[in-house]
Amino acid sequence: MEKVAPRFAGRHLITLEDFTKEEIDYMLKVSRDLKNAFYANEPTDWLTNKTGFLMFFEQSTRTRNSFESGMAQLGGHATFLDTSMMQIAHGESAKDTAVILSSFGHMIACRYCNWGLGNKYIREMAKYSTVPIINLQCDLYHPMQALADLMTIEDEFGHTEHLKVSVIWAMATTHKKPISVPVSQVLLFPRYGIDVTLAYPEGYDLPDWVIEKARKNAAEHGGSLTITHDMDAAYRDADVVFPKNWGSWVTNQSTTVVDDALLALKAWKCTPDKMALAKPGCRYMHALPADRVNEVVDEVIDGPQSVVYEEAENRIHTAKAVMALFVHDKLPSDRR
Ligand code: CP
């Protein structure tokens, strides 16, 4: 029997947890089709006359530009909205913003990473929007990053089963970063049979519900999740390492970025010595931007094991796939 392609129209993308493995595989298939078309200079104007809104509460290089350029390459138009210049800054509600913007276009994508606020805000918009809401990173999830990470691992190895992939906390002083990247990785990767090691110093825990769900995903799909406070154990024999900072939001909600406790963790840095513990073919990955002073040294991020630019490039192909699949024709039933 012929397989029916998954349907995404009318749905929101807030977390990949809301999608089956088959649906995620389909997102990656379309990403690869679009990547091939991009390199073949073939037009992919699948969203002619469609418009979307890109709301950003915080800074972005990859996410903003992959969606903005991606929408143009699909034949549509994306409007960048700095929320500090919207009436949100004067207190306009998520409901009113979602109702109005969804009556103007075909998609609302939003980044809002404030701890305890971002995910709630995006879900509130999703309650009232008549068009897809796409999460461009919140305090809990970064589905677009996880999708590009998975695509890159598949591209590099040709499979995912029983790869040792280590998500490793690293020191950074730039800002107190959300936990959304490691949360999305530990939830998604075990669904692909990956053996995930999560390594972090005391105090940088991910929420208990994330660990429980990641273990459930692992049990259902043949992967595993190991948690350690031993950084070297995470590097040892790894196929892929993701040494990256995240904030201690779960145990300490202070917004202070640098304190003595953080500075005591300078050893949590990716260096050639650490990479030497991993398998010779181990790939170094990072969502970027990287703190090249504290998280990683240039020798690694600019070295032969680094695939950070391939990973970043996959952001545009996955962004285009998500827009192509989720954005749909407006129907009279979309009227409120
Ligand atoms: N990785 C990522 O989301 O990058 P930006 O913050 O630049 O969008």
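How many helices and strands does the chain have? In this predicted model, where local features need pLDDT of at least 70, side-chain atom pairs count only at pLDDT 80 or more, and totals for chains, interfaces and linings use all residues, the chain has 12 helices and nine strands, these being DSSP runs numbered from the N terminus (H or I over at least four residues for helices, E over at least two for strands). Residues are numbered from 1 along each chain as its sequence is written, and side-chain values use heavy atoms, with hydrogens and water left out.

The C-alpha trace of the chain spans about 60 × 50 × 35 Å along its principal axes. The radius of gyration of the chain is 20 Å, which agrees with the value near 20 Å that a compact globule of 336 residues would have, the radius being taken over C-alpha atoms and the globule rule being 2.2 Å times the number of residues to the power 0.38. Of the 336 residues, 55% count as buried, that is, under 20% relative accessible area, as against over 50% for exposed and in between for partly exposed (1.4 Å probe, protein chains only). Among contacts (heavy atoms within 4.5 Å) between residues at least 6 apart in sequence, 82% join residues at least 24 apart.

Helix α12 (residues 308-326) comprises 19 residues and reaches 27 Å from its first C-alpha to its last, close to the 27 Å expected at 1.5 Å a residue, where the expected span is 1.5 Å times one less than the number of residues. Because 15 of its 19 residues are buried, α12 is largely enclosed by the rest of the structure.

Ser31, in helix α1 (residues 21-39), counts as buried because its relative accessibility is 0%. Its side chain reaches the backbone oxygen of Met27 at 2.7 Å, and, with neighbours within four places in sequence left aside, Ser31 is in contact with Met151, His317, Thr318 and Ala321.

Asn245, found in the loop between β8 (240-244) and α9 (260-263), likewise counts as buried, at 3% relative accessibility. A polar atom of the side chain of Asn245 lies 2.9 Å from the backbone oxygen of Ala170, and the C-alpha atoms of Asn245 and Ala172, although 73 residues apart along the chain, are separated by 5.9 Å. Neighbours within four places in sequence again being left aside, the residues in contact with Asn245 are Trp169, Ala170, Met171, Ala172, His175, Lys177 and Glu295.

Definitions and conventions
Polar contact = N/O pair within 3.5 Å; in protein donor to acceptor, adjacent residues only side chain to side chain.
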